[in-house]
Amino acid sequence: MKTHKTTRKGFTLIELLTAVAITTVIIAVLIGTTRMSMDAWKDSRDKARASRLAKESIELMARDLEGVVIRSGNEFEWLSVKMDTSLQGLDLGPANAEMKNPLEFIFFSAATDRYDGEIGKEADKGGDISTVIYKLAYVDQLDPVGKTFPVFSLYRKLINPGKNPDSPSESNTFDNYLAKTDIQTPASGEDVTNSNNFIAENVYNLTVTLVFEYTDSSTKKLVQKRVPIMTSGSDYSEVRIKGNEVLTPGGTALPDDARLTGAELGILVLSDSAMRTLNKKPFTDQAAFAKFVKENSHYFSKSVILPRP
C-alpha cells in the first residue's frame with residue numbers, strides 16, 4: 001500500500017493572524033516613537049525661534065537707545081514711555097490672557113538705518129536724528145479687522161529726519177517732532193502697527209525701566225533711582241522727559257535736575273505652540289495662565305548705558 005506525503009505550501013490562518021498582530025504592534029510602537037520625536041523636535045524648534053526673536057528684538061531696541069538724543073535747557077519733549085490706555089478688551093488679548101503692559105515708547109535716536117540705510121546717497125534728505133516709536137499690540141497681520149488669528153506683536157516705526165519730496169504727506173522728524181512740547185500727540189496719528197513696521201510676533205510682555213541720577217537736596221549726594229514703567233507693581237505708568245524737567249503723571253515726582261543715565265529692557269516671548277493654544281483654549285483664571293506662560297516662554301533682559309545729555 002502506497003502512502004502519499006503532502007507538502008505544506010503556506011501558512012496557517014493562526015500563523016498569519018499572529019504575524020499580522022506582531023507587525024501591528026511594531027508599527028504602533030514605531031509610530032508612537034516617531035510622533036514623540038517629532039513633537040520634541042517641534043517643541044525644541046519653537047523654543048529656539050522664540051529665543052532668537054527675543055534676543056533680536058531686545059538688541060535692536062538697545063541699539064536705538066544707545067543713540068538716544070536728549071537736549072537740556074529747553075521745554076521740549078525728548079522721550080515718552082507710557083501704557084497705551086486706548087486698548088481695551090480683546091485688543092489686549094484673549095480673556096484672562098491680556099497684555100499687562102501695552103507699552104508705547106517714543107524717543108529720538110541717531111538711528112543708523114534711517115533712509116533705509118541709504119545714508120549719504122540720493123535717498124538721504126539730511127539730518128541724523130530720527131524719531132523711533134515702539135509699540136506692543138495684539139493684532140492679526142493678515143486680517144486686522146476680523147482678527148482670525150491675532151498674535152502679540154512688537155512694532156517699530158522709524159520716522160526719518162527730513163521730508164521726502166516724493167511723499168509730502170509723510171511725517172518727518174524735523175517738521176512733526178523736533179522742538180515740540182508734546183510728541184505723544186503726533187505719534188498717536190502714526191500707523192505704527194502697519195505690517196511694514198513689524199519686528200517680532202509672540203511678544204507678550206515688554207518692560208522698560210529708566211535709570212535716573214540726581215543730587216539729593218538734603219544730603220547733597222548723588223542718587224540713582226530706577227523707575228520701572230508698568231501698569232501695576234510700580235508707582236509709574238508714564239514718564240515724559242523734557243529739556244527742563246521729568247514728568248511722572250500719577251507717580252512720585254523726580255527732581256528737575258534728574259538725568260537719564262541708563263535703561264533696563266525686558267522682553268518675554270511665547271513659543272508658536274503656546275500662541276496657538278492661547279487662541280483656542282480660554283483660561284479659567286489668571287493663575288492658570290501665569291503657570292502656562294512660565295512653562296512656554298523665554299525671557300531676556302538687557303541693560304543699556306545711555307549718553308549723558
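Modeller: Let's start with a term. Buried means under 20% relative accessible area, exposed means over 50%, and partly exposed is in between, using a 1.4 Å probe and protein chains only. As for ground rules, this is a predicted model, where local features need pLDDT of at least 70, side-chain atom pairs count only at pLDDT 80 or more, and totals for chains, interfaces and linings use all residues. Residues are numbered from 1 along each chain as its sequence is written, and side-chain values use heavy atoms, with hydrogens and water left out.

Biologist: Is Lys-220 buried or exposed?

Modeller: Lys-220 counts as exposed, at 62% relative accessibility.

Biologist: Where is Lys-220 found?

Modeller: In the loop between strand 6 (203-215) and strand 7 (222-229). Strands here are DSSP runs of E with at least two residues, helices are runs of H or I with at least four, and numbering goes from the N terminus.

Biologist: What is phi of Lys-220 near?

Modeller: Phi of Lys-220 is near 65°, a positive value in a residue other than glycine. Most residues other than glycine have a negative phi.

Biologist: What about Tyr-115?

Modeller: Tyr-115 also isn't a glycine, and has a positive phi of about 55°. Its place is the loop between strand 2 (103-109) and strand 3 (130-139). Tyr-115 is buried, with a relative accessible area of 5%.

Biologist: New topic. Which side chain makes a polar contact with Lys-135?

Modeller: The side chain of Asp-84, at 2.3 Å. A polar contact is a pair of N or O atoms within 3.5 Å; within protein, one must be able to donate a hydrogen and the other to accept it, and residues adjacent in sequence count only if both atoms are side-chain atoms.

Biologist: Where do the two partners sit?

Modeller: Lys-135 lies in strand 3. Asp-84 lies in the loop between strand 1 (77-83) and strand 2.

Biologist: Is Asp-84 buried or exposed?

Modeller: Asp-84 is buried, with a relative accessible area of 8%. Lys-135 counts as buried too, at 11% relative accessibility.

Biologist: What else does Lys-135 touch?

Modeller: Not counting residues up to four places away in sequence, Lys-135 touches Asp-84, Leu-103, Glu-104, Ser-153, Leu-154, Tyr-155, Val-192 and Thr-193. Contact means heavy atoms within 4.5 Å. Asp-84, leaving aside its neighbours within four places in sequence, is in contact with Pro-102 and Lys-135.

Biologist: How many residues line the largest pocket?

Modeller: The lining has 23 residues, and Asp-116, Lys-157, Leu-158, Asn-160 and Glu-170 lie nearest the centre.

Biologist: Which strand gives the largest share of that lining?

Modeller: Strand 4 gives the largest share, with 4 residues. Strand 4 (151-159) and strand 5 (198-201) each supply at least two.

Biologist: What's the lining like by class?

Modeller: It has 6 nonpolar, 8 polar and 9 charged residues. Ala, Val, Leu, Ile, Met, Phe, Trp, Tyr, Cys and Pro count as nonpolar, Asp, Glu, Lys and Arg as charged, and the others, Gly among them, as polar.

Biologist: Now helix 5. Which residues are buried there?

Modeller: In helix 5 (residues 286-295), Phe-289, Phe-292 and Val-293 are buried. Seen down the helix axis, they fall within an arc of 100°, so they line one face of helix 5. The arc is that of the directions from the helix axis to the C-beta atoms.

Biologist: What do those buried residues pack against?

Modeller: Strand 6, strand 10 (259-270), helix 4 and strand 11 (297-305). The face of helix 5 turned away from the buried side carries the exposed residues Ala-287, Lys-291, Lys-294 and Glu-295.

Biologist: And which residues of helix 4 are buried?

Modeller: Asp-272, Ala-274, Met-275 and Leu-278 are buried in helix 4 (residues 272-280). The buried residues of helix 4 fall within an arc of 160° seen down its axis, so they line one face.

Technical notes: On a 1 Å grid over the protein atoms alone, a cavity is a set of points where a 1.4 Å probe fits but cannot get out, and a pocket is an open set with protein on both sides within 12 Å along at least five of seven lines; lining residues have an atom within 4 Å of a point.
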